[in-house]
Amino acid sequence: MAGPAGRGAADRAGRRQVAAGVLGQRRPGPAARDRIQPSERDADVAVVRQQVEPARGTAPVVIGVRGWECLDSRGNPTVGCVVYLEGGVEGVALAPAGASTGRFERPALHDGGARYAGFGARAALHVLDDRVAPALVGRPATDVDGLLDGPSNVTVAVSLAAARARAAHAGLPLWQYLAGPTGHRPTLPCPMVNIFSGGRHAEGGGVVQDYLAVPLAATSFAEAIEQVWDVRRNAAALVEQRAGRLAAVLVADEGGLALSGGDDELPLQLLTDAIERTGHSMRIAIDVAATQVEKPAALLDEVVAWCDRYPVVSIEDPLSDDDWDGWVDATRRLAGRQVVGDDLFATSAERVRRGADTGAGNAVLVKPNQVGTLSGAAETLALARSLGMRTIVSARSGDTEDDAIADLAVGWAAGQIKVGSVTRSERLAKYNRLLRLEEIDRIPYAGWDA
Ligand code: PGA
Ligand code: ZN
């Protein structure tokens with residue numbers, strides 16, 4: 001087991017300091033909150049930036065980095081990390097894990113062997129202990145992402161934990177800390193919410209991975225969630241009529257409904273019916289996750305035909321992640337709709353640039369663990385935006401109670417978020433955070449047209 005053995009004196013001293021400083025841990029007190037309340041006016045962003053930047057200028061030093069093996073929403077081991085900074089603050093984060101991982105994302109490290117069916121995280125923790133922590137301890141916290149090297153389940157946990165620690169040191173919630181240097185007014189994202197699952201997230205169903213509700217007429221985040229809840233409830237009722245109660249209560253990896261039988265069009269019919277029953281003005285998004293599909297080009301013809309028959313506004317990964325020419329053609333054929341690259345772009349700035357240059361896709365899914373660090377993800381998102389592409393911050397199918405992704409979507413003003421269905425607490429952790437940021441912190445809602 002990758003344990004605490006081998007840690008340096010600085011780390012031990014740091015732990016003592018942390019232990020002594022826990023009670024005095026800095027939190028965003030009333031004064032800090034008053035100073036930098038989010039504002040409806042862009043002009044105030046400049047004020048927020050000025051107030052955030054000095055805090056960044058006096059970066060505290062990392063005094064400890066510890067990891068532990070925890071479990072994700074599929075029950076598989078993943079990496080938990082706590083980063084300790086001088087002054088008694090810490091940041092904690094848990095790494096998520098994909099099932100339909102693309103070939104171009106930074107790979108995660110699993111143990112292999114019999115323990116936890118090969119998913120163990122001990123090897124990853126050895127990397128954290130032996131390579132990552134020694135490189136970071138004693139360095140300014142702002143340097144962390146630039147020094148990170150290793151498997152994605154280590155780097156993303158450390159990167160996120162360090163960002164949380166820096167935000168705590170600055171006395172700011174994570175979203176506000178991240179918003180500082182972007183120059184963009186923080187906004188609440190429009191959610192794309194999973195209703196039906198297939199593919200790798202619901203083996204035994206069809207090949208298409210995700211059918212999502214897009215509440216594009218909602219005027220607030222709370223209204224968006226309420227409307228989607230209605231749709232899911234109606235969709236579950238339709239499933240119950242067809243396949244019985246058990247089929248309607250079992251949930252797939254992201255909390256969505258799953259149908260057996262391998263029909264890829266049926267979820268679209270049921271979702272369209274469910275939306276009609278609610279009376280809400282809503283559209284549909286699909287994630288084909290075609291990298292996992294045997295004959296993606298044949299499926300694309302079907303997808304294009306569906307777009308004429310159903311209210312589909314967004315199509316993700318309609319082709320596999322190395323078919324650049326196919327993507328250019330697909331983006332043309334799906335014109336007028338959002339065409340999202342997930343596995344295609346793998347949150348890589350270089351791949352996003354190629355997409356923009358060639359016309360492959362017009363929107364980018366941003367998953368921090370695909371690129372490995374928060375700053376890598378921020379850079380890709382900023383580039384995508386500057387190239388006129390829409391951006392969607394996304395969780396993974398194996399996720400945790402860590403709600404950081406909500407703060408990233410808000411702080412980076414991504415415009416959209418995709419974290420799964422409105423069931424299962426690893427999904428609701430994110431929605432509940434966003435509901436709070438709307439109700440209590442009064443962050444404005446971006447809406448679909450943002
Ligand atoms: P993954 O799925 O986390 O299993 O990769 C999410 C997605 O494809 O959007
Ligand atoms: Zn996807």
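These exercises, each with a worked solution, walk through a predicted model of one protein chain and its ligand.

Because the model is predicted, local features need pLDDT of at least 70 and side-chain atom pairs count only at pLDDT 80 or more, while totals for chains, interfaces and linings use all residues. Residues are numbered from 1 along each chain as its sequence is written, chains are lettered from A and ligands numbered from 1 in the order in which they are written, and side-chain values use heavy atoms, with hydrogens and water left out.

**Exercise 1. The whole chain**

Task: Find how many helices and strands the protein chain has, and what share of its residues is buried.

Solution: 
- Step 1. Take helices (H or I, at least four residues) and strands (E, at least two) as DSSP runs, numbered from the N terminus. The protein chain then has 17 helices and 12 strands.
- Step 2. Call a residue buried under 20% relative accessible area, exposed over 50%, and partly exposed in between (1.4 Å probe, protein chains only). Of the 450 residues, 58% are buried.
- Step 3. Let a contact be heavy atoms within 4.5 Å. Among contacts between residues at least 6 apart in sequence, 73% join residues at least 24 apart.
- Step 4. Accessible areas come from the Shrake-Rupley method with a 1.4 Å probe; for residues, only the protein chains shown count as cover. The surface of the protein chain comes to about 17500 Å², and carbon and sulfur atoms own 50% of that.

**Exercise 2. The ligand site**

Task: Work out which residues come nearest to ligand 1, and how much of the ligand the protein buries.

Solution: 
- Step 1. Count a residue as near the ligand if one of its heavy atoms lies within 4 Å of it. There are 14 residues around ligand 1, and Ala 99, His 201, Arg 396, Ser 397 and Lys 418 come nearest.
- Step 2. Look for polar contacts, here pairs of N or O atoms within 3.5 Å. The side chain of Lys 418 has an N or O atom 2.6 Å from a ligand oxygen. For Ala 99, a backbone N or O atom lies 2.7 Å from an oxygen of ligand 1. In the side chain of Asp 342, an N or O atom is 3.0 Å from a ligand oxygen.
- Step 3. Ligand 1 exposes 280 Å² when taken alone, and the protein buries 99% of that.

**Exercise 3. Salt bridges across the sequence**

Task: Find which parts of the chain are tied together by the pairs Glu 316–Lys 418 and Asp 407–Arg 433.

Solution: 
- Step 1. A salt bridge is a side-chain nitrogen of Lys or Arg within 4 Å of a carboxyl oxygen of Asp or Glu. The structure has 21 of them.
- Step 2. Glu 316 and Lys 418 form a salt bridge at 3.1 Å, N to O. Glu 316 is in strand β8 and Lys 418 in strand β12 (residues 415–420), so the pair ties together parts 102 residues apart in sequence. Glu 316 is buried at 2% relative accessibility, and Lys 418 is buried at 6%.
- Step 3. In the salt bridge between Asp 407 and Arg 433, the closest N and O atoms are 2.6 Å apart. Asp 407 belongs to helix α16 (residues 404–411) and Arg 433 to helix α17 (residues 425–439), so this pair joins parts 26 residues apart. Both residues are buried.
- Step 4. Through shared partners, salt bridges join Asp 210, Asp 287, Glu 316 and Lys 418 into one network.

**Exercise 4. A buried charge without a partner**

Task: Find which side chain of opposite charge is nearest to Glu 254, and how far away it is.

Solution: 
- Step 1. Count Lys and Arg as positive and Asp and Glu as negative, leaving out His and the chain ends.

**Exercise 5. Positive phi in a loop**

Task: Determine what phi values Ala 346 and Thr 347 have.

Solution: 
- Step 1. Recall that most residues other than glycine have a negative phi.
- Step 2. Ala 346 has a positive phi near 50°, and Thr 347 one of about 55°.
- Step 3. Ala 346 lies in the loop between β9 (338–341) and α13 (349–358), and Thr 347 is also in the loop between β9 and α13. Ala 346 is buried at 3% relative accessible area, and Thr 347 at 0%.

Terms used:
A polar contact is a pair of N or O atoms within 3.5 Å; within protein, one must be able to donate a hydrogen and the other to accept it, and residues adjacent in sequence count only if both atoms are side-chain atoms.
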